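Here is a short briefing to read alongside the structure. Keep the 3D view open as you go through the points.

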2 protein chains.
Amino acid sequence: MAEPAAVDETSPLLTTVGLLVEAHAGLVTAAEQRLQAEGHVSGQAFEILLRLLRSPEHRLRMTDLAAQTTLTASGLTRAVDRLERTGLVTREACASDRRVSYAALTPDGEDAIRRAVPAHVAHLEELFAGFGDDERAELDRLLRRLRDTFNPEAARASEPVDAPPA
Amino acid sequence: MAEPAAVDETSPLLTTVGLLVEAHAGLVTAAEQRLQAEGHVSGQAFEILLRLLRSPEHRLRMTDLAAQTTLTASGLTRAVDRLERTGLVTREACASDRRVSYAALTPDGEDAIRRAVPAHVAHLEELFAGFGDDERAELDRLLRRLRDTFNPEAARASEPVDAPPA
DNA sequence: CCCCATTGGTTGCGCGTGCAAGTAATCTCG
DNA sequence: CGAGATTACTTGCACGCGCAACCAATGGGG
């Protein structure tokens with residue numbers, strides 16, 4: 001008759017969080033695999049290139065780019081190093097402030113991301129096939145609320161954008 | 001009047017996925033920080049220890065444990081190495097199959113997780129303060145559906161459980 | 001005008017991870 | 001019963017990441 005008292009080893013919240021983690025992991029993994037299988041850029045590259053594509057002149061200061069991704073400044077430095085090595089991005093100097101350097105899309109980079117986006121979106125459509133428009137909207141609403149709990153800022157800036165980031 | 005045609009650089013799905021990623025990152029980060037600030041085990045340790053706490057005899061085969069976490073077998077080997085080094089877990093041999101080894105909670109490990117769970121749940125309650133029970137349930141439903149898209153298996157096994165995994 | 005605090009970016013370092021290969025035990029089936 | 005396939009776990013290796021330290025360039029006040 002002892003049984004150390006079943007503490008609250010279980011709480012609805014723990015389940016919710018567990019589901020969030022699993023859904024996230026599954027989605028990212030699936031998207032990443034698909035991109036690779038079809039010969040597109042990696043998930044991380046996708047995220048970076050898409051953000052550049054959507055920016056004025058297809059370029060962004062390193063710092064701003066870092067702020068928009070899940071990477072730190074140092075992580076971004078090296079991510080851009082890799083993209084530069086594969087020719088999808090170039091670093092451009094800033095005339096008015098010699099400290100800043102822009103990461104800019106090369107023609108190859110623009111090509112790559114323009115090819116990857118439709119493929120990725122198509123894949124997402126498959127994955128969300130079971131969802132009605134209203135359900136997807138409701139999911140958006142709930143996730144946005146949760147997101148705003150941590151990052152009351154975020155909101156602005158043409159909305160997130162992420163994709164299948166690492 | 002050219003403007004290379006604004007492809008579908010934006011799709012509702014991309015936004016949804018972006019929100020999922022941000023919500024996930026924010027939640028995990030917040031939970032992790034809080035645990036550390038209050039002197040509890042790390043997020044990864046939390047996840048592993050909780051699963052052991054919920055298992056018969058407070059132990060699990062390495063393989064099964066790996067399957068329940070986001071780690072691979074090799075990653076788990078080393079995670080358990082660390083937990084063993086800090087005295088929260090022990091490896092136990094299996095009599096009937098000398099290949100398998102169990103990861104088992106030590107008394108210290110049980111203590112640690114029993115202290116961490118209520119703290120973590122309390123924190124989650126704060127974070128979800130803006131949600132009504134019905135909304136949380138709806139979020140569960142939608143996330144579960146999404147999860148099942150990737151892992152049609154999952155479902156069973158006393159339900160996820162995750163927490164603030166790395 | 002110059003010194004100092006601040007900002008932008010990169011680099012050294014250590015760590016945690018996955019993959020692939022390796023070892024050991026078990027199972028299968030001829 | 002015994003060789004080959006399979007399963008459980010561990011290890012070598014290479015890589016990507018964040019943190020903290022670092023250098024360079026700005027921008028305010030004295």
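Around DNA strand C there are 22 residues, and the closest are Thr63(A), Ser74(A), Val100(A), Ser74(B) and Gly75(B). Two or more residues each are given to this surface by α3 (62-68) and α4 (73-85) of chain A, and by α4 (73-85) of chain B. Bear in mind that this is a predicted model.

**The surface near DNA strand C**

- Which element gives the largest share of the surface near DNA strand C? That element is α4(B), with four residues.
- By type, the residues of this surface divide into nine polar, seven charged and six nonpolar.
- Chain A supplies Thr63(A), Ser74(A) and Val100(A) to the list of closest residues.
- Chain B supplies Ser74(B) and Gly75(B) to that list.

**Chain A as a whole**

- Chain A has six helices and three strands.
- Along the sequence, these elements run α-α-β-α-α-β-β-α-α.
- Chain A has 166 residues, and 37% of them are buried.
- Take the contacts in chain A with a separation of 6 or more: 55% of them join residues 24 or more positions apart.

**Arg85(A)**

- Find Arg85(A) in helix α4 of chain A.
- Is Arg85(A) buried or exposed? Arg85(A) counts as exposed because it has 9 C-beta neighbours inside 10 Å, and a residue with 12 or fewer is classed that way.
- Now look along the chain from Arg85(A) to Arg144(A), 59 residues apart. Their C-alpha atoms are separated by 36 Å.

**Glu57 in chains A and B**

- Most residues other than glycine have a negative phi.
- Glu57(A) has a positive phi, near 60°.
- Where is Glu57(A)? It lies in the loop between α2 (43-53) and β1 (59-61) of chain A.
- Glu57(A) is exposed, because 10 other C-beta atoms lie within 10 Å.
- In chain B, Glu57(B) also has a positive phi, near 60°.
- Glu57(B) sits in the loop between α2 (43-53) and β1 (59-61) of chain B.
- With 10 other C-beta atoms within 10 Å, Glu57(B) is exposed.

Conventions
Residues are numbered from 1 along each chain as its sequence is written. Chains are lettered from A and ligands numbered from 1 in the order in which they are written. This is a predicted model: local features need pLDDT of at least 70, side-chain atom pairs count only at pLDDT 80 or more; totals for chains, interfaces and linings use all residues. A residue is buried if 20 or more other C-beta atoms lie within 10 Å of its own, exposed if 12 or fewer, and partly exposed in between; C-beta atoms are placed from the backbone. Two residues are in contact if their C-beta atoms, placed from the backbone, lie within 7 Å. A residue is near a molecule or strand if its C-beta atom, placed from the backbone, lies within 6 Å of it. Ala, Val, Leu, Ile, Met, Phe, Trp, Tyr, Cys and Pro count as nonpolar, Asp, Glu, Lys and Arg as charged, and the others, Gly among them, as polar.
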